[in-house]
Amino acid sequence: MFENLSDKLDRAFKVLKGQGTITEINVAETMKEIRKALLDADVNYKTAKAFTDDVKQKALGNNVLTSISPGQLLTKLMNDELAELMGGTAAELDVKASPTVILIAGLNGAGKTTFTGKLANYLKTQKNKKPLLVADDIYRPAAIDQLEVLAGQVGAAVYTNRESKDPIAIAKEGVAYAKQNGYNVVIIDTAGRLSIDEALMVEIEQVKAAVNPQEILFVVDSMTGQDAVNTAKVFNDRLDFTGVVLTKLDGDTRGGAALSIKSVVNKPIKFIGTGEKMDAIDVFHPDRMASRILG
Ligand code: GDP
């Protein structure tokens with residue numbers, strides 16, 4: 001995960017690490033290298049610039065230069081700032097309401113259906129919940145089959161209505177079914193498209209209005225870098241989602257989406273996907289991720 005970015009940041013730091021004295025010029029040059037490393041990792045340009053300007057200012061203001069181990073202090077500062085950039089502290093999923101309704105949104109192939117299964121597994125095993133999955137992709141029968149298979153793997157129930165062509169009605173039926181049958185979380189897996197599509201956006205806005213979800217999670221493939229960030233912006237403008245799920249981090253060597261998304265859409269990353277299996281899901285911890293990136 002993010003090996004490429006870690007390597008580049010490490011190289012940018014080499015000059016400073018272990019040095020007894022550091023000059024203002026050293027810091028400025030290192031920050032330039034760090035900015036380059038971030039841009040290479042497909043971090044949003046404004047984010048990278050604001051970040052390195054900020055670290056530089058804090059480094060110069062915090063007596064880093066005159067400290068005994070300036071390299072170490074700067075690393076610590078970078079660690080804190082990187083964590084802050086990714087949201088600071090972990091953002092909890094709000095599952096207090098009974099039932100809690102969670103809407104899953106995103107483009108095709110992002111990993112929505114896989115994540116729906118993983119989230120059910122997480123809520124069952126970690127939060128002691130009884131989730132109901134709702135198959136709300138009316139365009140791809142295979143998507144309903146896939147959800148049923150995944151639900152079977154994690155032992156969760158699924159609500160489907162294969163006769164209906166009305167995703168708004170299906171979502172409402174799903175919530176009603178959950179209430180009648182004692183499910184305390186409803187996870188609605190919605191339809192995606194290969195690219196942003198107006199009809200789809202209107203449809204998911206209508207589903208949102210119909211079921212009034214406590215959580216709307218936007219699922220996006222981490223490996224798509226700035227495309228992920230741009231798509232997040234469009235979905236957030238329309239849906240005002242409550243959190244991001246970054247999938248396929250196991251294959252992402254650069255980390256541009258993880259580092260930029262919070263600063264661009266101002267919504268937290270709540271979960272990450274780290275593989276295809278149903279237990280490859282983690283709550284996102286910005287501080288741990290920062291330490292991991294800096295190695
Ligand atoms: P959807 O179209 O958004 O519902 O996407 P799917 O859930 O069908 O996922 C698309 C592909 O990505 C599938 O082959 C999944 O197994 C795979 N996938 C989903 N999440 C992850 C992940 O975190 N890591 C990896 N390596 N693959 C994933």
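Colleague: Where in this predicted model is Leu246 found?
Modeller: Leu246 is in strand β6, which covers residues 243-247.

Colleague: Why is Leu246 called buried?
Modeller: Its relative accessible area is 0%. Buried means under 20%. The value for Leu246 is 0%, so Leu246 counts as buried.

Colleague: What makes Ile269 a contact of Leu246?
Modeller: Contact means heavy atoms within 4.5 Å. Ile269 is listed as in contact with Leu246, so the pair has heavy atoms within that cut-off. Neighbours within four places in sequence are left aside here. Other contacts of Leu246 include Val220, Ser222, Phe271 and Gly273.

Colleague: How far apart are Leu246 and Gly256?
Modeller: They are 10 residues apart in sequence. In space they are 11 Å apart, C-alpha to C-alpha.

Colleague: Which residues touch the most other members of the largest nonpolar core?
Modeller: They are Leu246, Leu259, Met289 and Ile293. This core has 70 residues. Helix α4, residues 70-85, gives the most to this core, with six residues.

Colleague: What makes Ile102 part of a nonpolar core?
Modeller: Ile102 belongs to a second, separate core of 26 residues.

Colleague: Which residues does Met289 touch?
Modeller: Met289 touches Met1, Phe2, Met86, Leu249, Ile272 and Phe284. Residues up to four places away in sequence are not counted.

Colleague: What is the mean pLDDT of the protein?
Modeller: The mean is 94, and 98% of the residues reach 70 or more. For the complex, the predictor gives an ipTM of 0.99 and a pTM of 0.96.

How values were computed: Residues are numbered from 1 along each chain as its sequence is written. This is a predicted model: local features need pLDDT of at least 70, side-chain atom pairs count only at pLDDT 80 or more; totals for chains, interfaces and linings use all residues. Side-chain values use heavy atoms; hydrogens and water are left out. pLDDT is the predictor's confidence in each residue, from 0 to 100. Helices (H or I, at least four residues) and strands (E, at least two) are DSSP runs, numbered from the N terminus. Buried means under 20% relative accessible area, exposed over 50%, partly exposed in between (1.4 Å probe, protein chains only). A nonpolar core is a set of buried Ala, Val, Leu, Ile, Met, Phe, Trp, Tyr and Cys residues joined through side-chain atoms within 4.5 Å.
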